[in-house]
There are 6 protein chains.
Amino acid sequence: MRLDERLNNELRKVEIISGFVKHPEGSVLVSFGDTKVICSASVEDRVPPFMRNQGKGWITAEYSMLPRATEQRTIRESSKGKVTGRTMEIQRLIGRALRSVVNLDALGERTIWVDCDVIQADGGTRTASISGAYVAVGLAVQKLLADEKIAESPLLGQLAAVSVGVSAEGEALLDLNYQEDSTASVDMNVVMTSAGELVEVQGTGEEATFTRAQMNDMLDLAEKGIKEIFTIQSDVLNAASEARKEQMSDV
Amino acid sequence: MRLDERLNNELRKVEIISGFVKHPEGSVLVSFGDTKVICSASVEDRVPPFMRNQGKGWITAEYSMLPRATEQRTIRESSKGKVTGRTMEIQRLIGRALRSVVNLDALGERTIWVDCDVIQADGGTRTASISGAYVAVGLAVQKLLADEKIAESPLLGQLAAVSVGVSAEGEALLDLNYQEDSTASVDMNVVMTSAGELVEVQGTGEEATFTRAQMNDMLDLAEKGIKEIFTIQSDVLNAASEARKEQMSDV
Amino acid sequence: MRLDERLNNELRKVEIISGFVKHPEGSVLVSFGDTKVICSASVEDRVPPFMRNQGKGWITAEYSMLPRATEQRTIRESSKGKVTGRTMEIQRLIGRALRSVVNLDALGERTIWVDCDVIQADGGTRTASISGAYVAVGLAVQKLLADEKIAESPLLGQLAAVSVGVSAEGEALLDLNYQEDSTASVDMNVVMTSAGELVEVQGTGEEATFTRAQMNDMLDLAEKGIKEIFTIQSDVLNAASEARKEQMSDV
Amino acid sequence: MRLDERLNNELRKVEIISGFVKHPEGSVLVSFGDTKVICSASVEDRVPPFMRNQGKGWITAEYSMLPRATEQRTIRESSKGKVTGRTMEIQRLIGRALRSVVNLDALGERTIWVDCDVIQADGGTRTASISGAYVAVGLAVQKLLADEKIAESPLLGQLAAVSVGVSAEGEALLDLNYQEDSTASVDMNVVMTSAGELVEVQGTGEEATFTRAQMNDMLDLAEKGIKEIFTIQSDVLNAASEARKEQMSDV
Amino acid sequence: MRLDERLNNELRKVEIISGFVKHPEGSVLVSFGDTKVICSASVEDRVPPFMRNQGKGWITAEYSMLPRATEQRTIRESSKGKVTGRTMEIQRLIGRALRSVVNLDALGERTIWVDCDVIQADGGTRTASISGAYVAVGLAVQKLLADEKIAESPLLGQLAAVSVGVSAEGEALLDLNYQEDSTASVDMNVVMTSAGELVEVQGTGEEATFTRAQMNDMLDLAEKGIKEIFTIQSDVLNAASEARKEQMSDV
Amino acid sequence: MRLDERLNNELRKVEIISGFVKHPEGSVLVSFGDTKVICSASVEDRVPPFMRNQGKGWITAEYSMLPRATEQRTIRESSKGKVTGRTMEIQRLIGRALRSVVNLDALGERTIWVDCDVIQADGGTRTASISGAYVAVGLAVQKLLADEKIAESPLLGQLAAVSVGVSAEGEALLDLNYQEDSTASVDMNVVMTSAGELVEVQGTGEEATFTRAQMNDMLDLAEKGIKEIFTIQSDVLNAASEARKEQMSDV
């Protein structure tokens, strides 16, 4: 039994609250247990210089943690004057993953800026961010469609992510919290689409190694967890879509 | 009548939710209408180099806005690689104001880091930050006392702040929202203690000027509003103190 | 009696020498006692990007201190690679204050860069800077008029500033020098126009507070001092204008 | 058949020249076809602050490319004033991978700095870097043993890496060159130990996805290629060890 | 005849005013014609880390120009966030030159910070800076001796510098002003000691070349000019020394 | 006799290998004894903003050392986030020197980026860089001519550089290695054209001085050494030219 009494193949409680802040085109508060991230999707009607005049859009992501999202306060990257390697790795991952399920041609010459700001961290912030960011983008796409800025959804499928690992005792675990993550010998982040295909697999044995068999066990767990997240995402997006329709028919 | 149907001397709805995030020693979500700020107080058992070996403590503040706290997305200061002048001004103000109501000697050789992160902005973010930060510090002090790290509270009084201004029509207004702030000819931030004394008065006529009489009207409004905020702060701190006592007697 | 034998309501010796350096369109050396600042106004025939194509001008200010303007040598901001919060606060204040007395439409699509470089510091550098900067801008405006680049002066009134404070003994003081400033419990900077209106009031009780009555006493002193500075400014600007006329009639 | 006439499961010509530069404790020039990297291992007799007084060592890596290692010249990171996200990702990967085969306790309070400088790039620079860096570290360890600074080798096994991918036509390929990499739909970097265990698996479908079956095919190819690299590494390290012994017996 | 009616071997008017600012241990305003530089020497009772515990001192220099010292306003290096290559070259030159005439052992574990701030530029700012800096250091040494912090002067000789060049017409010129400098085909800076020895010779033909004969002509001119500067320096230092003695005998 | 058994007027072994890396338009590995530098010349079909629309070209240089090119590892400038003064001085020198032998009008609106990356340092890296960079540029020019992008060579003559110095014993030495350089009292870098004219002379007595006679001795040695380098450069460029012709006639 795990410390928080979960089974090895059990997710923490996953919640996605839509419309958490008012200004962004799409916004959610996503929680994976005590990990809480504000994800917002901002639509800008132009693309970065290297994408101009190609008739297609762009999606990029930024990731940050509030200084006291963590047990020990961490120094702000703005105070340090630079973004750490860890942050860069994570925001590149989020952006790349989202682009794999978006038809950039159908988006038109627009950028969707995705901001993932961790307000409370307890392990798995990058996978919670990806899972929440997909919904924030989905909400922004609903708004673009409702505003008739685009004719059809550029979304090619659903996207979610989860972390898996191997405990010090050698057991494969789903959705590690911070304490489990610190003691795990292997840590793997898996991003998948609703078509059941892989988008990113990043497995790391920090000062440790792992076998092909362990890798397969972890991928099996990830697949199970991600499917459950897809259901939660769909419920939120459908509810938002219904609410939007009602609101419009009221007008 | 103002756009949001308030009277000229009326605050927006002010709410302070304590314990909003779990790691900091003190944490609140403060709202002044649609302006929402997470304030956290982190206690560190050492002081910055320039304060060492004086047997006294330090309080410092940092302020930031999520990129999409605002109507238009703003670039992260960490991406720009530097903190803007506006941010520096605000965080210096918050830190200075808090220090005016704390007996640094009674704090011992500790630093309280106050982080004010605006998650949604609608005018008055710096005064909401100060008003919330005071409560976050108060909660951290309660914890220091409960943990018997300090023998008596270093707090010398209560602290709150509000913005006041003069509308384009020349009327003094209390607690301006973003729209009022953009069109006001004068903008003043007032910080006061519960002893009725002034801590900071910062009045600015951007491309405009104001008279001594207008200044006095604004100070009167500020005083009225700040007194109402004191009550809300007290209620939150008292409730937290009660809860803590109950929790301890349960043990 | 004050340390330098002044009365509480007495300015230090204020001197403004015009044409101190040869390249700028307007240039002065301003002294408030031992505080000495080179203020220069440089006219550039374009505006920053955010102001373009609006047919109006812009005024912006930069402030710096030579490393050994102070008793202890301070590190250059260029060596540190960043401008400190204090410098940013001051240069934002100077720019904002100057813009309140300039009709930016009458300036045309031009920028006036005001540089305030403190060569010797003894308290009140920001208020000396504003008082000198106004004259530097006035000289640059005379040149723009003489060169027939603008048809009428964009200046809407005169601008000056002074610091006031409350001593440790509770007495309101005008124009504090460094030693008085270090021991004062309250420090206030006041910027006014020749129409007798306020432009900026920034009162700060670092680890102290002040009453409305003290605030009023300080504002009274400030008003007295600023009026005396207006006379000195006028004399310099009139002399320069006369000299320019003579020089032109010689040609 | 591939563009350079290799089979899908065939490595490019891999060469490792030891002692390429004279100052480092260990140094190689590693080539994977036209990709050429200078790897050097520098031993420093102290550890970074966060590792002090634990009686154990540290290994860290830095990665860079000469500006014209690539087809188009790229701007130096020193000129930009910051290290890009891509560089950070790579140098974190190299360091982490090396640490997985080093017993840091046996290294003593020393740091091994590994520098991987790409002088010519044609795809697979990070995996060539890891494979060369292992040999550079091995040479430095030989020197530490010969100088009797350590009593036994801290190396726990051999380490090598290779890139694999899926071509646009859906075929799994081993050791992609630049042209193949640009058109591949999936790119995966695999790091393994001579014990046949995985250290890192980083698979990415940039704007694409991949199946579990494709992932397994790629891992099979990687395993085959890495085994061949282990042989080349061993030959170089053995030759260097022999040469060192001869040189010592001459003395 | 030159534009300002000087002979080819004639210096501009050289003036050195001692005690120009009050805080530094040594301070001058040096003018070479319209080039004006504030040089200050600040004594600090410690040395940089790399010099510690060697019982000897250090001298270092910093150089800067006010933004409007030049005909066109230049951006502050503090705003750019970095020091330009030109500035670095010049401050390294000034420091190196001064160290050649100072016995660092006799200075004790002290640093002399030399700040050269150009307030008006008309060519030859680096050579004016060196010539003025020597006097500022001399004044600081007088103070160290008077305060009995050192027993004997660490100065080994006098130091001065001048620029020479070859005009577009091929004539060697002494002490070029800005206009001459812009059109000269060769520019050379020469630093010498009062013993008649060379400390630095930096000759540059930007997009041009020069012969050994021209080089010799330039060195002859430089030698003549520098001897004249030595006299001016001596007069200032002697006068200051006399004044100091009188002041002390008054006490 | 010198430590490496050279005569005082003897160069180290100078070698220039052309085509060392494959992507640049011109590339060499230049060695002066154990000093080894990769010089590459990259042609870009545009010029920097300040040169635009003048119908002429630009040449600029960058210089860097691998961290372990030196006996002690040095920190990367990209990690420090800034280029050191030494690097700036050197790259400005290389660029200026190259421009003195190139007719920028004949180059057309193109930039030649010269990158000098020191892979092993043993004194004289800047003069080796210049001597190698000239050949890299020569190779790039051959390619521009062969590709018929320019009609005639923009090269006005040959360019080479060498360091000379005065040993602690007072003897003038040619081409100092690192050990000689560290103990020399004077260090001079001389750049000359094949027309026998000087381009740069930079003589520095760090904490020492030198006489006119010593300067002349050093210049004599430099002239002798540079002539020998001219022969080596010519041989390489002629061989490359022949090879190119053969290759073209084969087609």
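Predicted model: local features only at pLDDT ≥ 70, side-chain atom pairs only at ≥ 80, totals over all residues.
**Exercise 1. State how many aromatic pairs the structure holds, and determine the geometry of the pair Phe50(A) and Trp58(A) and of the pair Phe50(D) and Trp58(D).**

Step 1. Over all chains there are six aromatic pairs.

Step 2. In chain A, the ring centres of Phe50(A) and Trp58(A) are 5.3 Å apart and the planes stand at 85°. Planes over 60 degrees apart count as edge-to-face, so this pair is edge-to-face.

Step 3. For Phe50(D) and Trp58(D), the centres are 5.3 Å apart and the planes are at 85°, so this pair is edge-to-face.

Step 4. Accessibility in chain D: Phe50(D) is exposed at 55% relative accessible area, and Trp58(D) is buried at 15%.

**Exercise 2. Describe the surroundings of Asn177(F) and find which backbone nitrogens its side chain reaches.**

Step 1. Locate the residue. Asn177(F) sits in the loop that runs between β7 (172-174) and α5 (178-183) of chain F.

Step 2. The relative accessibility of Asn177(F) is 9%, so the residue counts as buried.

Step 3. The Asn177(F) side chain reaches the backbone nitrogen of Gln179(F) at 3.2 Å and that of Glu180(F) at 3.0 Å.

Step 4. List the contacts, leaving out residues up to four places away in sequence. Asn177(F) touches Asp4(F), Arg6(F), Arg12(F), Asp122(F) and Gly123(F).

**Exercise 3. Determine which residue of chain B is in contact with Glu25(A), and give the distance between the side chains.**

Step 1. Glu25(A) belongs to the loop between β1 (14-18) and β2 (26-32) of chain A. With a relative accessible area of 22%, Glu25(A) is partly exposed.

Step 2. Setting aside neighbours within four places in sequence, the contacts of Glu25(A) in chain A are Ala41(A), Ser42(A), Val43(A), Leu139(A), Ala140(A) and Lys143(A). From chain B, Arg68(B) is in contact with Glu25(A).

Step 3. The side chains of Glu25(A) and Arg68(B) are joined by a polar contact of 2.7 Å.

**Exercise 4. Work out the strand pairing of β8(C) and its bridge partners.**

Step 1. Strand β8 of chain C covers residues 186-193, and seven of its eight residues are buried.

Step 2. With strand β6 (residues 159-166) of chain C, β8(C) pairs in the antiparallel sense over eight bridges. Val164(C) is opposite Met188(C) in β8(C).

Step 3. With strand β9 (residues 198-204) of chain C, β8(C) pairs in the antiparallel sense over six bridges. Met188(C) has Gly203(C) as its bridge partner in β9(C), while Asp187(C) has Thr204(C).

Step 4. A hairpin is formed by β8(C) and β9(C), with four residues between them. Gly196(C), in the turn, has a positive phi of about 80°.

**Exercise 5. Write the strand order of the sheet that spans chains B and C, and identify the edge strands and two helices packed on the sheet.**

Step 1. The open sheet has eight strands, ordered β7(B)-β6(B)-β8(B)-β9(B)-β9(C)-β8(C)-β6(C)-β7(C), with antiparallel pairing.

Step 2. The edges are β7 (172-174) of chain B and β7 (172-174) of chain C; each has a single partner strand, so one side of each lacks a neighbour in the sheet.

Step 3. From one strand to the next, the twist averages 20°.

Step 4. Helix α4 (residues 125-146) of chain B packs on the sheet and touches β6 (159-166) and β8 (186-193) of chain B. The direction of α4 makes about 165° with that of β6(B).

Step 5. Helix α2 (residues 85-99) of chain C also packs on the sheet, touching β9 (198-204) of chain B and β6, β8 and β9 of chain C. The direction of α2 makes about 155° with that of β9(C).

How values were computed. Residues numbered from 1 in each chain as written. Chains lettered and ligands numbered in written order. Heavy atoms only, no water. Buried < 20%, exposed > 50% of the residue type's maximum accessible area, 1.4 Å probe, protein only. Polar contact = N/O pair within 3.5 Å; in protein donor to acceptor, adjacent residues only side chain to side chain. Contact = heavy atoms within 4.5 Å. Pairing = 2+ DSSP bridges. Axes fitted to C-alpha atoms, helices over the stretch in contact; angles between N-to-C directions. Phe/Tyr/Trp six-rings, centres within 6.5 Å; stacked < 30°, edge-to-face > 60°.
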